[in-house]
Amino acid sequence: MHMSYEEFKDTVVKRFLDYMPEDYKGMKLEVHSVTKINETLDGITLKRPDVLVSPTLYINDMYRHYLDIKNLDDILQDVANSMVNALNGLPDIPDDSKFDRKHAKESIIFQLINTEQNKQLIKDIPSRQFQDLSIIYRWILRVEDEGVMSSVINQDLTEMLDLSEEKLFQLAIKNTRQVFPPTVKSINEVMKSIFEDNDASMEMSSLVEYIPPERMLWVISNENLLYGATTMLYEDVLYSLAEKIGTDLYILPSSLHECIAVSTSAGDPCELAQMVAEINAEQVATKDRLSNQVYHYNKELRKITLATDTPNKGLTADIRDNI
């Protein structure tokens, strides 16, 4: 019989430091509720007085792993190893006097999140509205093949950088494009890549060759496939695609990391929004959901607006409540 979540949480707090190397056992363990994008989690942090940023690991994720493998000792050792790696990988910013503001400013990007789902988070950080979404800012600490270490920019960091929200936005416009170059790929390209990765036959991949542009699905993201929904903020990218298709676009927010664009001749936006909401509820993890709405890009006005206004503004409610 497995432990309940609260029992597991108490055990982690009591025993975690036992699994850390000796040099780390004098550090202070803090447990706190963390308002993350789309959800609130229980985090643990080891505080070191000589660093500005401390990594946070989440008990919720540990518990899901525990339910799968049931071996608490292995989980605590794995998490302790992850904490050591994260602490060793922190940038060297020992105090405010030595803080490299220039480098930090070059590492500021933006991200799109759902406004309704993240009302509490948005109250405490710099942001600006974009349709039913909010633009927030992240500080990229490190980019590697395995992923990215980053932190949401809060008010304290904004003050340390001596930046206004407008300046954050201007920096992010430039930096995001450089750190995460935008991409637009047809579903043909995506499927052919999948087939090639799986050594599928040429005959199989050729099946996707005959979809005309106005009936094609287009995947809008970036080269890293991370925070890629922000590419919809680049109006020139949308304009180039709309010109290629020859019509306005509907933008379907498939996740925080990518959007799908289709011609406005592809269907009714309300029906498309219903499909987005169903996919969000059934196939997309809560932490990765962006919106249940559909957007309209007008290539003549070169402007994006909401095409729908469905009642399910948040991202965790059962969509069947609104059918």
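Predicted model: local features only at pLDDT ≥ 70, side-chain atom pairs only at ≥ 80, totals over all residues.
Residues are numbered from 1 along each chain as its sequence is written, and side-chain values use heavy atoms, with hydrogens and water left out. Local features need pLDDT of at least 70, side-chain atom pairs count only at pLDDT 80 or more, and totals for chains, interfaces and linings use all residues.

**Elements.** Helices (H or I, at least four residues) and strands (E, at least two) are DSSP runs, numbered from the N terminus.

| Element | Residues |
|---|---|
| α11 | 269-283 |
| β4 | 108-114 |
| β6 | 133-144 |

**Helix α11.** The helix has 15 residues. From first C-alpha to last it reaches 20 Å, close to the 21 Å expected at 1.5 Å a residue; that expected span is 1.5 Å times one less than the number of residues. Asp268 caps the N-terminal end, with a side-chain oxygen 3.0 Å from the backbone nitrogen of Cys270.

Buried means under 20% relative accessible area, exposed over 50%, partly exposed in between (1.4 Å probe, protein chains only). Pro269, Leu272, Ala273, Val276, Ala277 and Asn280 of α11 are buried. Seen down the helix axis, the buried residues fall within an arc of 140°, so they line one face of α11. The arc is taken from the directions from the helix axis to the C-beta atoms. Their cover includes β10 (249-255) and β11 (258-263). On the other side of α11, Glu271, Glu282 and Gln283 are exposed.

**Strand β4.** Seven of the seven residues of β4 are buried, so the strand is largely enclosed by the rest of the structure. One side carries Ile108, Phe110, Leu112 and Asn114; the other carries Ile109, Gln111 and Ile113. β4 pairs with β6 in the antiparallel sense over seven bridges; pairing requires at least two DSSP bridges between strands. Ile113 has Ser134 of β6 as its bridge partner.

Methods
Contact = heavy atoms within 4.5 Å. Polar contact = N/O pair within 3.5 Å; in protein donor to acceptor, adjacent residues only side chain to side chain.
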